[in-house]
Amino acid sequence: MNGAEMTGPEKELQDLYEKLISGSGSSEERNLKLWDTIYDLAAEIAAMEPWVGYQMYMPIMLELRIHGEKIAVSFEKSPFAKTGKTIALYHGEKGLCDLDVLSFRDPVVPREFVVYDRDAYLLCWGSRQDVPEENRQILKALGRSFRGDGNWLYFASAASRTVPRTLRDDEAEIVMEALVELRTAIRDHLQKKIAVNYDDGYCLSRYFDEKLHRMVTGPVPYVEPQMSFRSYNFNDEVMARRIKRAKQNDRVVDFDFFYNGWSPTGHMDENGNIGNWQFAIAYDEVSGNINLMMPVEMDVSTGEMAFLMLHDYVMEYGRMKELIVRNAEVYAALEAVCSKVGIPLGLDTMPQVDRLLNEIRSGI
């Protein structure tokens, strides 16, 4: 962008961004000017009470010109804080698909699973005890504090199979640009009374208009992202023969994944994300028990884990009468093998599994 092409809000954003970048410290230090700015922006947006004016899980779509990203903004109840609310900034194709799942457009993938497996930057308002230590240090350095439950603001980065952590400064720069555009979108919506027909599949958007050569706010059709899964060609004849030879039983078995919210010490990926301890489970609908529970490592794909679960379950308990899943990736992985070995594979929302898992979590 050059100065001649910029409108007021764009020029403000560019000047703010350049000022903050020039004021950053060493790589080991936090850019406190950046953090002070995003706390101010978040407070301005919260004062507009977007949780009241916008439908839950109907996103505001943002184009970020500086960082070249598309962000889908959702106003939610916080899944991480005991009280308070969340602004979730979903980014990347994976993030957009996660939002689509959370909006209940795809009933075969459980909301609870994606809450802990989504790619998003999160602004959470919670209680003082909800604020992670690194966020506390930033607040202390800024001289900021909050009063009352549900008013303590902190920022987190959520990624697949990891425990949400405090934003890095490079992530905070993206969040800052997103918040500037979000603030403008909400202001334009309120002041100009832009009509958005949510019932017909439209959402509010802040985007670059090629004809006008500037950023504008307006309604756009919400295009559901297409989640693509790896295609599995099952060619393991040895495994197929083992499953076919196993004794048939009359059980209907549910395969699912379970997060318990804590991580093994030192389990960290290359981006500094700490692994969120996850289990693959096999639930017997007849007995109402979990017959098999296996830990899932961060470097093991969902599809690979589904294969392993099927093999180990059948070897121990025999061939099930029917196998039920609700995760679309698990279904994609098991469709070929179940067809080959003659095990009916179905999709369901598994409310009985949710009830049991909630009982387990309440005791952890």
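The model is predicted. It holds one cavity of 30 Å³ or more, and the largest cavity has a volume of about 50 Å³. Asp-169, in helix α7, is buried and makes a side-chain polar contact with Arg-30.

**Cavity lining**

- The residues that line the largest cavity are Phe-255, Asp-256, Phe-257, Ala-280, Ile-281, Ala-306, Met-309 and Val-330.
- Three elements each supply at least two residues of this lining: β8 (252–259), β9 (278–284) and α9 (302–317).
- Strand β8 gives the largest share of the lining, with three residues.
- Sorted by class, the lining of the largest cavity has seven nonpolar residues, one charged residue and no polar ones.

**Asp-169: position and burial**

- Asp-169 is found in helix α7, which covers residues 169–192.
- Asp-169 counts as buried because its relative accessibility is 17%, and the cut-off for buried is under 20%.

**Asp-169: contacts**

- Leaving out residues up to four places away in sequence, Asp-169 touches Glu-29, Arg-30, Asn-31, Leu-34 and Trp-35.
- With Arg-30, the side chain of Asp-169 makes a polar contact, side chain to side chain, at 2.9 Å.

How values were computed:
Residues numbered from 1 in each chain as written. Predicted model: local features only at pLDDT ≥ 70, side-chain atom pairs only at ≥ 80, totals over all residues. Heavy atoms only, no water. 1 Å grid on protein atoms, 1.4 Å probe; cavity = no way out; pocket = protein on both sides within 12 Å on 5 of 7 lines; lining within 4 Å. Points joined across faces, edges and corners; volume = space filled by probe spheres on them. Helix = DSSP H or I, 4+ residues; strand = E, 2+ residues; numbered from the N terminus. Nonpolar A, V, L, I, M, F, W, Y, C, P; charged D, E, K, R; others polar. Buried < 20%, exposed > 50% of the residue type's maximum accessible area, 1.4 Å probe, protein only. Polar contact = N/O pair within 3.5 Å; in protein donor to acceptor, adjacent residues only side chain to side chain. Contact = heavy atoms within 4.5 Å.
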